[in-house]
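Colleague: I would like a close look at one part of this model, and then at how that part sits in the rest of the chain. Please take it residue by residue.

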Amino acid sequence: YTKQEVNALLQMIGTSADRTFALITDVLNMSAIESGNFPLNLEPNDVTLLVQKSIEQYRILAQSKNILIQCHVPEHSLQAITDITALTQILDNLLSNALKYSPHGSTVQLSVLSEQLSTKKSAQKQIKYPHLPLTVHSWLLITVQDEGPGVTTEDMQRIFGKFNRLSAQPIDGEHSTGLGLAIVKKLVEAMNGRVWCENEFGASKSGAKFVVALPEIV
């Protein structure tokens, strides 16, 4: 073998090892969550700070693909009862997916905002957010939106299922375990939150928009 061929083989072995490790990690996490052995330390946390930290971890990867991550968070703290490890994993999965399916030169938008749903004036918001129960008056909404191909109507029905492979393919052929979004849903619901996807499949620069809603501390 030439040096170039050896390097190519080593790269293939490394990629295969990374995929195996990711799959094992996701399977173990899913098993722990479903069996109740994924301990959550629920306490007040600054969600805006956690979001900003997660974005910084993906800056280099985004730059390597010429993708801009735009962060829209208020200057003041927004807090929710969360588990730091769980919320970090949720953000990691959503940001990782957004970068996988975003074309080079595109933009990924990540935002955090507070929504009040319990007053008469918020009737339009209640229609806008049908996934949210009115028993909780105030929600923190974390949104991650890419400019990829979006999600088909068929895929939307099973997007949070285990081992589901969707129609859209990662731009650079990255591997997916098929468990990331299922883990996101389990962890969000374990923190008394909700998660859903919005998009217009095939529309120019619309992409997929994932929304994580957590009960806000006010």
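Colleague: Start with Lys 209: is it buried or exposed, or in between? And which residue does Lys 209 form a salt bridge with?

Modeller: Lys 209 has a relative accessible area of 26%, so it counts as partly exposed. Bear in mind that this is a predicted model. The salt-bridge partner of Lys 209 is Glu 198, and the closest N and O atoms of the two are 3.9 Å apart. This pair links distant parts of the chain, with Glu 198 in strand S6 (residues 194–199) and Lys 209 in strand S7, 11 residues apart.

Leu 214 is buried, at a relative accessible area of 1%. Setting aside residues up to four places away in sequence, Leu 214 touches Ala 80, Thr 82, Leu 87, Ser 138, Trp 139, Leu 140, Ile 142, Met 191 and Gly 193. Ala 80 is 134 residues from Leu 214 along the chain, yet their C-alpha atoms are separated by 6.6 Å. Ile 217 contributes to a nonpolar surface patch of about 210 Å², together with Leu 42 and Ile 81. Leu 42 is in the loop between helix H1 (3–34) and strand S1 (43–46), and is partly exposed at 36% relative accessibility.

One of the residues touched by Leu 214 is Leu 87, and helix H3 spans residues 84–101. Of the 18 residues in H3, 13 are buried, so the helix is largely enclosed by the rest of the structure. The length of H3 agrees with expectation: at 1.5 Å a residue it should span 26 Å, and its end C-alpha atoms are 26 Å apart. The N-terminal end of H3 is capped by Asp 83, which has a side-chain oxygen 3.1 Å from the backbone nitrogen of Thr 85.

Asp 155 lies in helix H5 (residues 153–156) and is buried at 2% relative accessibility, whereas Arg 158 is partly exposed at 29%. Apart from its neighbours within four places in sequence, Asp 155 is in contact with Leu 166, Ser 167 and Ala 168. Another of the salt bridges joins Arg 59 to Glu 56, at 3.3 Å between the closest N and O atoms. Both of these residues are in helix H2 (residues 47–64), three residues apart, about one turn of the helix. Here Glu 56 is exposed at 52% relative accessibility, and Arg 59 is partly exposed at 26%.

As for the whole chain, it has six helices and seven strands, in the order α-β-α-β-β-α-β-α-β-α-α-β-β. Of its 218 residues, 40% count as buried. Among contacts between residues at least 6 apart in sequence, 74% join residues at least 24 apart. The accessible surface comes to about 12100 Å², and carbon and sulfur atoms account for 54% of it.

Methods
Residues numbered from 1 in each chain as written. Predicted model: local features only at pLDDT ≥ 70, side-chain atom pairs only at ≥ 80, totals over all residues. Heavy atoms only, no water. Patch = residues over 30% accessible without salt bridge, like charges linked within 9 Å, V, L, I, M, F, W, Y side chains within 5 Å. Areas by Shrake-Rupley, 256 points an atom, 1.4 Å probe, with all protein chains shown as cover. Salt bridge = Lys/Arg side-chain N within 4 Å of Asp/Glu carboxyl O. Helix = DSSP H or I, 4+ residues; strand = E, 2+ residues; numbered from the N terminus. Buried < 20%, exposed > 50% of the residue type's maximum accessible area, 1.4 Å probe, protein only. Expected span 1.5 Å × (residues − 1). Polar contact = N/O pair within 3.5 Å; in protein donor to acceptor, adjacent residues only side chain to side chain. Contact = heavy atoms within 4.5 Å.
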